[in-house]
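Please look over the sequence and the structure below before reading on. A short report follows them.

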Amino acid sequence: MKKLLTLVLALMLAVSCLAATASAEKVFRTYLASDTETLNGQNSVQSNVNTPSSYCQSTLYRAVPDDDGLNFHFIGEIAADLPQQIDATTWQIPLRKEACWANGDPINADTMIYSYKMGLDPVLSNQMADFISDQDITILNAKAYNQQTADAPVSWDDVGIKKIDDYTLEIITDGEVTADKICSHFTTRAVVPVYEPLYEAGMAEDRTSTTYGSTADMWMCSGPYKLDSWVFGSVQVYVRNENYWLPDLFKFDRVEVRIIPEMNARVELWEKGELDYLAPDANVIETYIDDPRTVEYSSATVYHIDLNCQNPNNPVTASLNYRKAMYHAMNREVIAHDLFGYQQPSGVYVNGQAGMFSENGLTYRESEQGKAVTDMVDSWGPYGYSPELAREYLAKAYEECGVPEDTVITLVFAYDPSEANWNATAQYLQEELPVIFEGKVKVEFDTYSGISTTVYKQQHDTWDFSPNDWTRSASRTYPYTCFYYYLSTYGSHPNNYFDEEFEAQYAVCDSEEVKADYSRMLDETKKLEEIYLAKVIHIPVVQETYYEMFADNLVLPVETYLPGFGWGLQFADIEE
Amino acid sequence: MTVYEPNNLPQELLNIPQGEFERANNDWRSDERFTTEPIGFYKDAFRRLCSNRMSMISMWAILIIIVLAIVVPNVTGYGYTEQNVKQKNLPSKVPLLEQIGIFDGTRVLTNIKKSSIEDPKRYPEGCIINVIREYKAGKQTVVDVKVDYYKYCGVADGEYHWMGTDYLGRDIMTRLFRGTRISLMIAALSVITNLIIGIIYGSIAGYYGGRIDMFLTHLAEVLDGLPYIVVTILFMLWLGSGMLSIVLALTVTGWIGTARLTRAQFYRFKRREYVLAARTLGVPDRKLIFRHILPNTVGPLITRAMIAVPGAIFSESFLAYIGLGIKPPQPSIGILLSEGQKVLLQYPNQTFFPALLISILMIAFNMLSNGLRDAMDPSRRGEE
Amino acid sequence: MFKYVLGRIGAMLLTLFLVMTLSFWVIRLMPMTIFENPEVSPEVQRRLEDRMHLHEPMIVQYYYFMKGIVTKGDFGTSVKIRPGLQVFDIIKERIPPTMLLNFFSLLISIPLRILSGTIAALKRNTWIDNVISFLIVIFISVPSFVFASLMQYVFAYAWPIFPTLYNAQAPTIWAAFRSMLLPIIALSLNPIATIARYLRGELIETLSSEYMLLARTKGLTRQEATWRHAFRNSLVPIANTIIPLITGIMGGSLVIEKIFAVPGEGGLLVDSILGGDHFLTVALLIFYSMISLVTIFVVDVSYGIIDPRIRIGGTK
């Protein structure tokens, strides 16, 4: 009996060793912090869906690196060629005849039309519909179709997506655009084709939802890789799709995406060489900041703090001077460098990537107009931090609201303590603000978990500070669009603050006339940002710097980070 | 066999004159008088407890930790909220011990670009003690270095953080003992509440039996059917974070175990002869419960209460781990542990010290409860 | 006996009903949002919320909820963790790893705890007792998330004899078991220690009782007496601790599953509570309660067989 057991154990060991050494294929091992709630890119707001989507789905166009690795360009993936302009707003996209699904079924104009029609379907209410209707370009009537009501119906025939023949699509835009913008528009996870038989099979009886993409069986791949297996919460494995028509672009034979919620585990696997990629977070960055493998880039995010201007407990919060005081009280250098971990302080809101598709290649921040605003902020103090100004404005606010000079106000910082950055920032401000305001300000906390910041703000009105929830990464062409969230027309209003002058200026920026003239658009954006700073719509704090590490044997296709393209990880190769 | 009957006694015996009797033994005899104090049950138990070396060490350890928790935060020279963000995540540095090379505030940094350590802005003069290893990786020269982390962060000479600092540059020792105070308070409050509720509930169910027992047991079962961690999380979400919420959340299901134990003990003892005797003598129910049956459960209950202390501290740290602990900036052992766990690989000292303290505390509580249990065992009364 | 079992089943069903009701009301009364994307227009939001009856009064929603469960076994649809999927299917899919994990932990912890508890009791106050007690206390004194992280560091990184994470796609059973061993051990330590302490106490009490003296007097050796009388008798109250043991292991797996990335129910529960997926949370609570109820039932019935005096509802 004992002998048998030993034998069986030895056999098992041998088999497991064999299984481990048998492969000599190029495997890329990466991770996600949490699993994708659904693979259906049309209906998931989580950015982690981008991983399976970019490996396993094709889109009309794909951004690929140049041969010299210095830039990138778009090539047709499902599309056979770049978009052809018919008239000012009409474009035709020819499709490849060889494009097909992983099971061999063809992808043609009907497939694409079905995908977009479903993506925009008013009854299905997919959450990423706006990525189809208006992102880099605005498709005629698409938003209207998606948001139609029973008393004002919009027909699908009016939407600017049409089939010319089996292999030609026509796109009608709402305004003039360039071919590049059309390409860029048709690269996201929201515009991938969907497989009609499965999409319909998963459809609820009342056609209000579909389970397409909720499991591996309910999803059809069309990209360079196909989903080999998916154990929810544990691992996703992609293997080569034999039916894919551009296989030479991609070098990996297999991609393993593990779901690793704990940073410790990620670091251990990385150090053991079982991961080829690691993004160090604020807790870990200190260890890797001087590591030669660490690369960094400025992301399209400016973290900011929302200010509630209608807190019933603190009448002084309604005063503009109070908001200015708070703006000047933020020591952004400390917050960015020490609390967020080697990030860039920022006293302005338009991020470093916004407007990078400009004619001269400069982002808005690098332009003359953008620099003027930065200089103005720096003239107040480093990144707008100035304790003297802060005290001055608070005194004015007291005077304005008729509050006695020696009043102590208690401000509530509401945040989710599981977010390490904000947890540190909140505790820092609790110590720092009383010092800056000489004891006139006290900070208390209201912590919440389990609900998003948006929901918290909808349900409570007694907070004063709160971290941003969504950061709008401004369009790469139009930097002013990052202010879109603070318009009264926008769905949720995190800070209850509206300003007519601000909204009027936004409308000026957004007019076709200004959008057509690039330098005028920059001037108007500058004015908008100045109004934003003068009114302190909210408090910008940190321009995010993103840190990443790649394994030594990973050969990246580009030399530096390319905004709008990244490192081109999918096109990387693995050296022996 | 001859039997003498009183009326049948021979004449000569009946007529013996009184005066001829005399005492066989002339000494005065009486019971020996106790010269020692009488010893009650608890006194006896205490005596036996004192003779158990482990228990005594444990008791002293607990007392010392309590004293430290009160004294240390006031004497370190740092406040528990006092921050210095430029001096964050310092390793521990202890006077005297630093001379022999441990706790000397140094740290080995690996895989550093050589160009970085030559930059005096990043690595100030004199902070690099020695270069351990130098090698080439691709085009760059990479080094492993041992740095004086205190100099690296610009800490003045002669300043010490015995256990290091955390992510905001707060002194961990100050926070640890402040946190111990809070954790112990949470534990004590919740254990006491649980005991009171559990004993009353369990006694009623166990003593009366029948329908009352049926009803009470089922009620407890409904609550117990929900896993306690889930209930605790829900309760915390509902009440919001804070010390009182934690105590309440730990009470929701915490008392059930006590109640169950009490009930079982009641079933065991309520039909014993001495209870029957007491009842026959007309002792009222209340007195029967508290005077005659309940003392039997004291031993197991004390053991349980002692185990419940780590239990409470655990639940608190579990809540801290998932982000539902007490409100910052208040520390607790759980908060410190969960903060430490996040940087376990980078700064193990932030986990080590809280873990060490909680272990000592728990060992002490458990050894003490062991001793108490043995001491309170009624069958060992009078043993040395 | 049959009547007793029947009664217990009835009580169990009643409890289950109460649990369902309770968790529905407690959780569904908490705020919930379905939409993370604030750009979804109010009409669309309204439409989706109507589909889930969210605008009806709570009592009507409760009716729909109970009706769904009773008539169709339908616990609702997930809205956050895996939108659109039936929560029942989500839970079903994740049962195997959780069950394996919990089952193995039980398998390891029950004999170990009995062994260590017995030895500690028999060798009371000797160095063996002290060593066992000390080890036990170390295991119960460090929270499982610290212990699990530490084990992960020591046995998977510093001295890599085990994989760091749970391997859901292990090619062999052995590899699967190997990747599970660390979480299993991490999960078992605390329950082993807790129960071993309890057993020690219980045994000590029995060892010093009169019938042990009688057993020795009638000529049994110490071992015989211990085994036949003391050990068996102390197992009776120990059965009681199986319930907290199982719920304890299930509770512990909430944390362990996250650290070792095990795709089980525990991690799902934490995610769904913190993510605000109320439909899934309610169903998971019912799932967890069902497991503890079944355990309680089994323990109660076996209790009733072992020691009829302790049956619930016995007389004064």
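## Chain B: content and form

This is a predicted model. Chain B holds 13 helices and three strands. Its radius of gyration is 34 Å, well over the 21 Å that the globule rule gives for 384 residues, so chain B is more spread out than a compact globule. The C-alpha trace of chain B spans about 135 × 60 × 35 Å along its principal axes.

Of the 384 residues in chain B, 47% are buried. Considering contacts in chain B between residues at least 6 apart in sequence, 72% link residues at least 24 apart.

## Nonpolar cores

The largest nonpolar core contains 271 residues. Phe413(A), Ala186(C), Ala283(C) and Leu284(C) have the most contacts inside it. Leaving out residues up to four places away in sequence, Ala186(C) touches Ser144(C), Phe147(C), Ala148(C), Met151(C) and Ile256(C).

## A hairpin in chain A

In chain A, strand 2 (residues 61-65) and strand 3 (residues 72-76) run antiparallel and are joined by five bridges. Tyr61(A) stands opposite Gly76(A), which lies in strand 3 of chain A.

The hairpin formed by strand 2 and strand 3 of chain A has six residues between the strands. In this hairpin, Gly69(A) takes a positive phi near 75°.

Conventions:
Residues numbered from 1 in each chain as written. Chains lettered and ligands numbered in written order. Predicted model: local features only at pLDDT ≥ 70, side-chain atom pairs only at ≥ 80, totals over all residues. Pairing = 2+ DSSP bridges. Helix = DSSP H or I, 4+ residues; strand = E, 2+ residues; numbered from the N terminus. Rg over C-alpha atoms; globule rule 2.2 N^0.38 Å. Buried ≥ 20, exposed ≤ 12 C-beta atoms within 10 Å, placed from the backbone. Contact = placed C-beta atoms within 7 Å. Core = buried A, V, L, I, M, F, W, Y, C linked by C-beta atoms within 7 Å.
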